[in-house]
Amino acid sequence: MSGVLDVGARVKKLTAFERLYVPGVLKGLAVTMRHFLRNLVAIRRLPTILYPERKRDYSDRFRGKHILTTRDDGTLKCVACYMCAEACPAECITIVAGEHPRISYEKYPVVFDIDMLRCVFCGFCVDACPKDAIWMTRNYEMAFFNREEAVFGIDKLIAKPGLPVKDGLGYRPYYPGDGTVPPGDASSSPVIPGDGEREKLREKGCDVEHTAGPGPLNAPSPAEKVEGRRSIS
Amino acid sequence: MSTIEAPPTTLSPPAERLRDRFARSPLSEKVSVLDLDLPTVEVGPSDWPAVARFLRDDPECRYDLFLDLAGVDNAKRRGRPTRFEAVVHLHSLSRDEHVRAKVLLPDGVEPRLPSVIDVWPAANWFEREAFDLFGFDFPGHPNQRRLLCHDAFVGHPLRKDYSPGQRWFFAEEDLRMPAWAVHTEERAGHFETQTISIGPSHPATHGIIHLVARLDGERITRAETQIGYMHRCFEKMSETHTWNQVIPFCDRLNYVSAMINGVGYVRTVEKMLGIEVPDRGRLVRTILSEFSRIMDHCVNIGTNLVDIGGLTNFWYLYQPRESIYGLIEACCGARLTVSYVRVGGLAIDVPDDFVPRCRALLESIPKFVDDVERLVTRNKIVRNRLAGTGVVTKEQAIAWGFTGPMLRSTGVPYDVRRSRPYDFYDRFDWDIPVANDGDNFSRYLVRMEEIRQSLAIIRQAVDIFPASGPVNSDDWHVVLPPKDAVYHDMESLIFHFKLIMEGIRVPRGERYDWIEGANGELGFYAISDGGAGPYRLKPRPPCFPMMAAFEEMIVGGGISDAIATLGTLNIIAGELER
C-alpha cells in the first residue's frame with residue numbers, strides 16, 4: 001500500500017522556449033530518427049511481419065481450427081458422447097451418433113459438424129472431451145465463399161494418421177508434466193475389450209482381435225446430405 | 001414495506017448502521033433494511049425519490065456515486081414479493097462503502113418508478129436502458145427513449161416472457177432523430193446553424209457511435225449520442241448458458257482488456273460459491289490483469305493521439321501491446337478473446353517461461369512509454385489540443401457516476417484496488433495517480449502514470465510468484481478434474497461429466513462484486529436461482545455513465561475538441577452496449 005500521486009502538479013508549465021514550435025518539432029524528430037536508425041540497422045528485428053510470406057510464431061496452445069484425432073487404425077477416437085456440443089457456448093457443434101460396425105467401439109459420430117462461422121474458438125470442447133478426441137491446431141486461415149462451406153464435417157476435421165497437421169498442433173487437453181505427452185489411457189491404440197468380455201464376445205462369434213484389418217473410416221458428412229439440419233443460408 | 005423487518009440477530013456493521021439511521025429518520029415506515037452481501041434497502045416506488053435523496057444527502061449515508069441500475073424480472077424466480085424490481089447500486093466516496101437499493105414495483109400495474117435523474121444525473125442512461133430492456137416507466141425522465149434496441153423494436157427483451165427468437169427489422173425510415181435535430185431554428189446573430197451526424201461509422205467514433213450535433217459555426221450547441229449499434233444481447237444470452245459458458249462472452253465486453261472482465265466475472269461467481277483460488281492462480285490473474293490494463297491505456301492514448309494527428313505514438317504504444325499479446329497467447333492460446341479464467345481458477349497453468357517473459361516485458365515496456373512521454377508531454381501542439389478541453393469538474397464527475405481514470409483526473413483518488421483491495425493489491429506498494437484539472441490532458445497524464453504503476457505492481461507480483469503449485473481450486477464440483485484423472489479414474493470422470501452436462505450449481509442468492517477495470521469500476525451483479533446458469537447477470541460497464549455524460553461535456557466546445565474528448569473517455573463499444 002502506498003499513497004496518492006498528483007501527476008498534474010508534477011507537470012510544469014511550458015517554458016517560453018518550449019512554447020516556440022521549433023524546439024518541440026526537433027525534440028520529436030530526435031526520438032523518431034533514433035527509432036528510424038535503429039530499425040534500419042536491425043531490420044530483421046522489425047516488429048512487423050511480412051504476412052503471408054511469413055507468419056507469426058504462435059505457441060502450441062494456440063486455439064485455431066479443430067481436428068478430430070484418430071486411433072492407429074484410422075477410426076475416430078470420438079465416441080459421440082455430446083459433451084463438447086453441450087459445453088460449447090456458441091452452440092456450433094452438431095453431432096449425430098451411430099452404432100459402430102465394430103462392436104468394441106460401440107458408438108461413433110455419423111455426423112460431426114463444426115460451424116466455423118459460429119465458433120468462438122474458446123477451447124471449451126477440448127476441455128470437455130473425455131476421450132482426447134478433439135484438439136485444436138495453429139491453423140487460423142479459414143476463408144469461405146459461402147456459409148455452407150464454413151460448416152466443417154468429419155472429412156475436413158479428421159486428422160488422418162501419419163499425415164502432418166497444417167500449421168502444427170495447438171490447444172490440447174492439459175496434461176500434467178511437460179504438457180506434451182498424453183497419459184496412457186488417451187493413447188491411440190485400438191480399443192480391445194478386456195479378457196472376460198473378449199471371451200463372451202468370441203462365443204458370440206464377434207471379430208474381437210480385428211483380424212479383418214481396419215474397417216471403413218467413419219462416414220463423411222457433406223452438409224447437404226443430412227436431413228433436418230438448421231437452415232444457415 | 002410497512003415496517004422495518006425484525007432485525008436478525010447478526011447484522012453486519014454497515015447494515016446495522018444503515019438500519020439504525022433509517023429507524024431514526026422520518027422514512028422509517030417506508031423502507032426495510034436487509035443484510036445480503038451488501039446492505040440492502042427495500043423501498044416502494046412512491047417513496048423511492050425521498051429515499052434516494054436521503055441516501056445521497058444524509059451525512060451518515062452520503063451515497064454520492066450512482067453506480068448501476070439493473071432491472072430484474074422475477075417471473076420465474078421464487079421467494080420474491082413482486083415480479084419486477086429495479087436494483088440500484090451506490091457508493092459513498094467519503095465512507096468508502098457500497099449499498100444496494102431495491103425498488104419493488106407492485107404487481108398488477110405497469111412497472112413504474114419515478115426518475116431519480118435530479119438526485120443522481122448518472123441515472124439518465126441507466127433508466128433509459130431499464131425502460132428499453134424491461135419496459136419500466138420513469139415519470140420525470142426528460143428523454144425516455146430506447147437506448148440499446150433500435151426504434152423499430154417491439155417488446156422488452158429482458159423480460160422473462162419475451163421470446164428471443166423474434167426478429168425486428170429496422171429500416172432507414174425508422175430512425176428517430178431527436179426532435180430538436182429535426183426542426184432547427186434559425187436564430188439571429190449566429191453565423192451559421194446546422195445539425196450534423198458524426199458517425200455511426202466514423203474512424204473517430206471508436207466503435208459504432210452516432211453523435212447528432214447542432215453546430216453554431218464550429219461550436220457545438222447541443223448534442224445527443226445514439227448507441228446500440230453493437231448490442232449483442234450479453235445479458236439475455238447469459239440467462240440461457242451455464243456459469244462457465246458466460247466466460248467467452250465476458251471477453252467480448254471490454255475487448256481491449258479482456259482478461260479483466262473475465263476476472264471480474266469469475267470473482268463474483270466464486271464469491272457466491274464461497275470457494276478460494278490458490279495464490280498462484282490469483283497472482284496469474286493479477287499479473288495478466290495489470291498487463292491488460294497497460295494495453296488498454298496504450299490503446300487509449302495511442303488512438304486518442306491519432307485522432308488529434310500524432311500517428312507515431314500509435315506505433316510506439318502498439319509495440320508493447322503486441323508483446324503483451326504474445327505473452328497472453330502463450331498462456332491461453334488466443335490474443336484478444338482470452339477465455340483464460342475459469343470459475344475456481346484458470347483454464348490451464350502458465351507456461352514454464354512465464355516469469356522470464358514477464359520480466360522481459362517489464363524491461364521493454366518503459367522504453368516505449370518514455371519515448372511517447374518525450375514526444376507528447378511537453379509538446380505545445382498536444383497541450384493546445386488537450387489542456388483545457390473536455391473539462392469535467394469534481395462535482396460533475398461524481399454526479400455523472402464516473403469512476404476510474406476519468407474520476408481520478410478530477411482529483412478524487414477512488415480506486416477499487418485501494419478502497420477494497422482484492423487479490424494481493426494490499427501487499428503491493430503502488431500509488432494512485434490523480435490530477436486536478438479534469439481536462440483531456442489530465443486524463444492523458446493519469447493514464448501514463450497508471451501504466452508505470454501497473455508495471456510496479458507486476459514487478460512485485462512476479463517477485464512473489466511461486467515457482468510451482470496449483471492454480472485451480474481442488475473442488476471438483478466447480479473445477480474440471482485434471483485430464484489425467486479423467487482418463488483413468490471413474491470418480492473423476494463422473495465429476496467431469498456432471499460439470500460439463502449440468503454445469504456448476506451456484507447456491508440461490510445474489511451478489512454484486514466489483515473490481516477495478518481499465519476504465520473504472522467494473523461490477524457484476526449476478527442472481528442465481530440454483531440453476532445451472534445465471535438467472536440474471538448485469539455487468540456494470542464503467543464507460544456507460546461516461547458516454548451518457550458525453551453529450552453534455554462537449555456542448556460549448558468545437559467539433560475537434562469533441563473528438564479529442566471522445567478519445568479520452570475510452571469508450572469501448574463492446575462494453576458500452578454489451
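So, chain A has an open sheet of three strands, in the order β3-β4-β6, with antiparallel pairing. Strands here are DSSP E runs of at least two residues, helices are H or I runs of at least four, and both are numbered from the N terminus; two strands pair if DSSP finds at least two bridges between them. β3 (93–99) and β6 (151–152) of chain A are at the edges with a single partner strand each, so one side of each has no neighbour in the sheet. β4(A), residues 107–115, is joined to β6(A) by two bridges, and Asp115(A) sits opposite Val151(A) in β6(A).

Bear in mind that this is a predicted model: local features need pLDDT of at least 70, side-chain atom pairs count only at pLDDT 80 or more, and totals for chains, interfaces and linings use all residues. Residues are numbered from 1 along each chain as its sequence is written, and chains are lettered from A and ligands numbered from 1 in the order in which they are written.

How confident is the predictor in chain A? The mean pLDDT (per-residue confidence, from 0 to 100) is 76, and 74% of the residues of chain A reach 70 or more. Over residues 210–233 of chain A, though, pLDDT stays under 50. Where pLDDT is low, the predicted coordinates should not be read in detail.

Over to chain B, and another open sheet: five strands, β1-β2-β5-β4-β3, with mixed pairing. Its edge strands are β1 (31–35) and β3 (65–73) of chain B, each pairing on one side only. Inside that sheet, β2(B), residues 39–43, and β5(B), residues 97–105, pair in the parallel sense over four bridges. Glu42(B) stands opposite Lys102(B) in β5(B).

Last stop, a helix pair. α8(B), residues 279–307, packs with α15(B), residues 440–463, at about 160 degrees, with the axes 9 Å apart. Those axes are lines fitted to C-alpha atoms over the stretch in contact, with angles from 0 to 180 degrees between N-to-C directions; contact means C-beta atoms, placed from the backbone, within 7 Å. That makes α8(B) roughly antiparallel to α15(B), a label for angles over 145 degrees. Who meets whom? On the α8(B) side we have, among them, Leu283(B), Ile287(B) and Phe291(B), and on the α15(B) side residues including Tyr444(B), Met448(B) and Ile451(B).

Conventions:
Two residues are in contact if their C-beta atoms, placed from the backbone, lie within 7 Å. Angles under 35 degrees count as roughly parallel, over 145 as roughly antiparallel, 65 to 115 as roughly perpendicular and the rest as oblique.
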